[in-house]
Amino acid sequence: MGRIRVLSDNIANKIAAGEVVERPASVVKELLENSLDAGATEVRIETEGGGRRLIRLADNGVGMLRDDALMAFERHATSKLASIHDLDAIATLGFRGEALPSIASVSRLVLETRSAEEPTGARVEIAGGKIVACDEHAAPPGTVVTVRDLFFNVPARKKFLRSEQTELAHIASLVTHYSLAAPDKSFFLAHGGKELLNVSPVAGLRERVFQVFGSQTLEELIDLGERESTRPDEAPARFALRGFISRPQVQKLNRNSIFLFVNGRLIRDRLLMHAIAAAYHNLIPPGTYPFALLFLHCDPGEVDVNVHPSKTEVRFRHSSFVHDFARDAMRQALMESRPAPSVPTFAGPAPLAQPGARLPYSEFTQQIENLRFDEARPVWAEPAMQIEPAFTLQPSKAADPRLDFGGAAIEVPPQPLRLPTPETHGPLPYEEPAQDLGSLGDLRVLGQLHDSFILAAGRDGLWIIDQHVAHERILFEKVLAAQAAGRVEQQRLLMPLVIELTPAQQVEYARIADELAAAGFETEPFGNRTIAVQAAPADLAVGEIEKVLNEILEIAERELRRVSVEDLRRGIAASVACRAAIKINTPLDARRMEWLLRELAATKMPMSCPHGRPIALRYSTRDILKSFHRI
Ligand SMILES: Nc1ncnc2c1ncn2[C@@H]1O[C@H](COP(=O)(O)OP(=O)(O)OP(=O)(O)O)[C@@H](O)[C@H]1O
Ligand SMILES: [Mg+2]
């Protein structure tokens with residue numbers, strides 16, 4: 001007798017569960033996606049013990065027929081695919097027919113469901129993959145899935161779970177972001193009886209972002225609107241991108257604030273991540289990340305979602321088209337909004353360090369996000385602080401151990417947290433602030449501070465402009481425009497400048513020599529590991545040429561190896577601009593300062609220098625009046 005056996009369904013399900021059910025949040029994701037596929041408009045999720053003890057999700061979707069209720073737990077049983085052709089264009093979130101059997105094999109699960117087509121529904125109870133009960137059940141149409149004691153029969157997996165608050169943070173983040181993907185539906189999330197999210201249907205994404213993050217975050221974001229592109233082809237395919245991205249002054253230290261949805265599915269995707277990085281290239285400093293909430297829609301045939309067991313990755317059929325479309329759409333939006341950062345009027349310690357400090361809801365969700373990376377010191381273990389509108393965090397005094405968050409507890413607010421909706425609060429309390437840097441041209445120069453900053457009075461307050469970075473931005477755009485037009489101004493050197501290269505620099509030089517030429521550097525190899533520079537961009541002082549070339553070769557070596565020619569060009573232009581720009585500690589006369597502001601106003605992106613630093617700060621008239629207690 002041979003030694004190879006086919007695994008029993010129960011073992012196969014448990015193996016599948018290893019891939020599909022990584023943690024409590026994965027259960028919530030699968031159940032939530034099932035509800036959305038079932039056309040639910042209302043989803044209520046209750047959790048306990050960070051989702052390990054309990055996850056209950058109730059929806060008002062189409063429900064299941066009685067005969068289907070048990071069938072749903074068969075491996076590879078799905079109502080979403082009928083033939084092999086459906087696999088090429090999947091329009092539902094689920095399609096593998098493995099989520100429910102996988103979850104049921106590693107928990108105690110109860111399914112209660114009824115279809116509106118039948119007078120009664122069904123109740124199925126399964127523990128560790130074994131059917132315990134299956135009965136007729138009276139209930140309103142819809143589905144309730146209750147998952148208790150996750151991983152009770154998989155001790156190894158249980159050990160890998162993080163603290164209760166970390167697991168809860170993952171769940172909260174997931175539900176929050178699915179609620180952003182479906183503003184027309186209502187979502188409710190509670191933990192241990194405490195409401196964490198409760199949003200009712202609203203007209204659109206902007207209103208939902210306001211519900212979830214509040215007006216403060218909304219002010220920091222740029223609405224992409226709906227941007228479209230059609231891939232020219234014999235069978236043209238239309239792509240649409242919606243969502244919000246942050247203004248360049250918002251700089252995050254990790255990618256946790258980037259959320260990508262493709263056809264309504266929350267995914268991780270390196271291609272779109274790269275498109276974001278490219279859109280912000282030269283706008284925010286290297287190593288920092290923006291906030292992004294992107295919804296890409298396309299024909300299901302353009303994207304393969306059958307790539308990963310947990311369905312969190314996709315593959316695009318025409319990936320470079322998608323990449324460039326997303327990058328250009330975001331860059332365009334960034335160019336169109338020309339905001340100036342305001343002078344921060346409050347420079348106290350970060351809210352977390354302040355006992356009793358009030359945190360807006362957006363910060364709260366941010367803290368939830370940060371939990372992932374800062375697990376050693378959960379925010380809820382911080383001293384007493386308040387989160388607006390109604391969270392109160394207190395050091396642990398919780399009588400009920402279930403409320404204890406390892407050193408801190410969420411105190412029940414007197415009224416439940418109900419996020420304000422535009423309907424109940426009139427129009428959004430958010431107006432595009434008058435921050436248009438176009439008005440830079442109208443500024444009246446008052447003087448220079450420390451030979452480095454230009455002070456100017458404008459209609460909307462007092463402006464402080466960093467003369468070096470302002471000039472850098474002007475030169476950067478000038479160099480790029482000249483390069484694009486093939487009309488770079490050059491200066492011929494009286495004596496060629498001979499520069500020695502390291503072996504690594506020599507390799508880079510060979511690779512980027514054409515680009516250097518396009519930027520105005522006329523160079524040629526000159527003996528072993530040496531180049532001779534005959535001409536350079538006109539704006540550069542001769543003493544700076546060698547530094548710039550070294551810098552460019554270094555950038556090329558360090559980070560631009562894999563980036564596009566366009567990014568390399570921008571890197572060269574940034575380097576030239578930085579070296580050629582007026583330095584700080586340089587006295588300027590009024591005419592020169594006025595010229596600088598006029599030129600800056602005419603640039604495409606007057607808000608930040610090519611390296612991502614801010615150029616101008618504005619102390620608004622309103623803030624000045626407030627500070628003098630006049631309003
Ligand atoms: N909330 C629900 N409302 C109505 N029907 C549901 C619900 N949840 C599951 N079902 C039914 O049960 C079937 C099995 O669900 P399951 O999540 O296991 O697989 P799937 O969604 O088809 O694929 P995947 O494994 O990719 O999620 C679904 O195809 C659907 O018909
Ligand atoms: Mg499913």
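1. Contact means heavy atoms within 4.5 Å. With that in hand, look at how the chain folds back on itself. Of the protein's contacts between residues at least 6 apart in sequence, 71% join residues at least 24 apart.

2. A word on the basis. This is a predicted model, in which local features need pLDDT of at least 70, side-chain atom pairs count only at pLDDT 80 or more, and totals for chains, interfaces and linings use all residues. Residues are numbered from 1 along each chain as its sequence is written, chains are lettered from A and ligands numbered from 1 in the order in which they are written, and side-chain values use heavy atoms, with hydrogens and water left out.

3. Now the overall make-up. The protein has 17 helices and 27 strands. Helices (H or I, at least four residues) and strands (E, at least two) are DSSP runs, numbered from the N terminus. Of the 631 residues, 50% count as buried; buried means under 20% relative accessible area, with a 1.4 Å probe and protein chains only. The protein exposes about 29,700 Å². Carbon and sulfur atoms supply 53% of that area. Accessible areas come from the Shrake-Rupley method with a 1.4 Å probe; for residues, only the protein chains shown count as cover.

4. Which order do the strands of the eight-stranded open sheet take? The order is 5-4-3-6-2-1-7-8, and the pairing is mixed. Two strands pair if DSSP finds at least two bridges between them. Strand 5 (130–137) and strand 8 (194–199) are the edges, each pairing on one side only. On average, neighbouring strands are turned by 10° against each other, direction ignored. Axes are lines fitted to C-alpha atoms, for helices over the stretch in contact, and angles run from 0 to 180 degrees between N-to-C directions.

5. Zoom in on one pair. Strand 1 (residues 42–48) and strand 2 (residues 54–59) are antiparallel partners over six bridges. Here E46 stands opposite R56 in strand 2. Helix 2 (residues 24–37) packs on this sheet. The helix touches strand 1, strand 2, strand 6 (142–148) and strand 7 (186–191). Its direction makes about 10° with that of strand 2.

6. Which residues come nearest to ligand 1? Of the 21 residues around the ligand, they are T78, S79, K80, E98 and K311. A residue counts as near if one of its heavy atoms lies within 4 Å. The largest share of the shell, three residues, comes from helix 4.

7. Next, the polar contacts of ligand 1 (pairs of N or O atoms within 3.5 Å). A polar side-chain atom of N34 lies 2.8 Å from an oxygen atom of the ligand. The side chain of E30 has an N or O atom 3.5 Å from a ligand oxygen. For T143, a polar side-chain atom is 3.3 Å from a ligand nitrogen. Taken alone, ligand 1 exposes 580 Å², and the protein buries 93% of that. Helix 2 and helix 4 (99–105) are the elements that give two or more residues to the shell.

8. There is also an open sheet of four strands, in the order 21-22-23-27, with antiparallel pairing. The twist averages 20° from one strand to the next. Strand 21 and strand 22 (residues 453–458) pair over five bridges. In strand 22, I454 is the bridge partner of Q448.

9. Finally, the helices on that sheet. Helix 12 (residues 467–485) touches strand 21, strand 22 and strand 23 (461–466), at about 75° to strand 23. Helix 16 (residues 590–601) lies across strand 21, strand 22 and strand 23, and runs at about 115° to strand 21.

Definitions and conventions. A polar contact is a pair of N or O atoms within 3.5 Å; within protein, one must be able to donate a hydrogen and the other to accept it, and residues adjacent in sequence count only if both atoms are side-chain atoms.
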